[in-house]
Amino acid sequence: METRPGLAWVLLLSLIADCLKLIQPRDFTVKDIIYLHPSKTQYCYTRHKMNAKGNSSSVTKRCVSLKDCLSLGCTQPDHEGYKICTSCCEGTICNLPLPRNTSQAVFATLSPINQTTRQSLHSAVTLTCISLLLLLVE
């Protein structure tokens, strides 16, 4: 009669071990990002924490507003040897690759961030050209 509780524990532990094998870390797929991407945000943020050998320790991907994308890049390794790289990109499904160094930890946009400055500069250049043309004609 005492073998049954022991056998039950062995079966329970083997079941738990099988469940743990099924839980594996993985990169996000295109399907995951389409499902998780809310339509109100414009930018995708990635935070990648690596150990001293460059192996991933944790990855955070989320949709954010512009203010969350202003501080990007890679940190120096901390006292435990962990390095964190963060990046942002504009659009849907743009943050599949993980940033691993400073050349990959960037803010990639489809259009200029400050379009109002660009438009006012364009207007000023146009106005100057028209003024010069009128001066030359007279």
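Which hand does the disulfide of cysteine 89 and cysteine 94 have, left or right? The torsion about their S-S bond is about 85 degrees, so this disulfide is right-handed.

The model discussed here is predicted. Its protein has 138 residues, of which 19% count as buried. Three helices and five strands are found in the protein, and along the sequence they follow the pattern α-α-β-β-β-β-β-α. The accessible surface comes to about 10,700 Å², with 62% of this area belonging to carbon and sulfur atoms. Among contacts between residues at least 6 apart in sequence, 52% join residues at least 24 apart.

The mean pLDDT of the protein is 76, and 54% of the residues reach 70 or more. Among the elements, strand 3 has the highest mean pLDDT, at 94, whereas helix 3 (residues 115–137) has the lowest, at 59. Where pLDDT is low, the predicted coordinates should not be read in detail.

With this in mind, the cysteines can be taken in turn. The structure holds three disulfides. A disulfide is a covalent bond between the sulfur atoms of two cysteines. When the bonded cysteines of the protein are numbered in sequence order, the pairing reads 1-4, 2-3, 5-6.

A second disulfide is formed by cysteine 74 and cysteine 85, whose sulfur atoms lie 2.0 Å apart. Cysteine 74 is in strand 3 and cysteine 85 in strand 4, so this link ties together parts that are eleven residues apart in sequence. The link of cysteine 74 and cysteine 85 is right-handed, with 110 degrees about the S-S bond. Cysteine 85 has a relative accessible area of 0% and is therefore buried, while cysteine 74 counts as partly exposed because its relative accessibility is 21%.

The pair from the opening question, cysteine 89 and cysteine 94, also forms a disulfide, with a sulfur-to-sulfur distance of 2.0 Å. At 8% relative accessibility, cysteine 89 counts as buried. Cysteine 94, by contrast, counts as partly exposed at 27%.

What of cysteine 44, and which cysteine sulfur is nearest to it? Cysteine 44 is in no disulfide, and the nearest cysteine sulfur, that of cysteine 94, is 3.9 Å away. With a relative accessibility of 1%, cysteine 44 counts as buried. Cysteine 63 is likewise in no disulfide, and the nearest cysteine sulfur, which belongs to cysteine 44, is 4.7 Å away. At 22% relative accessibility, cysteine 63 counts as partly exposed.

How values were computed:
Residues numbered from 1 in each chain as written. Predicted model: local features only at pLDDT ≥ 70, side-chain atom pairs only at ≥ 80, totals over all residues. Heavy atoms only, no water. Disulfide = S-S within 2.5 Å. Helix = DSSP H or I, 4+ residues; strand = E, 2+ residues; numbered from the N terminus. Buried < 20%, exposed > 50% of the residue type's maximum accessible area, 1.4 Å probe, protein only. pLDDT = per-residue confidence, 0-100. Contact = heavy atoms within 4.5 Å. Areas by Shrake-Rupley, 256 points an atom, 1.4 Å probe, with all protein chains shown as cover.
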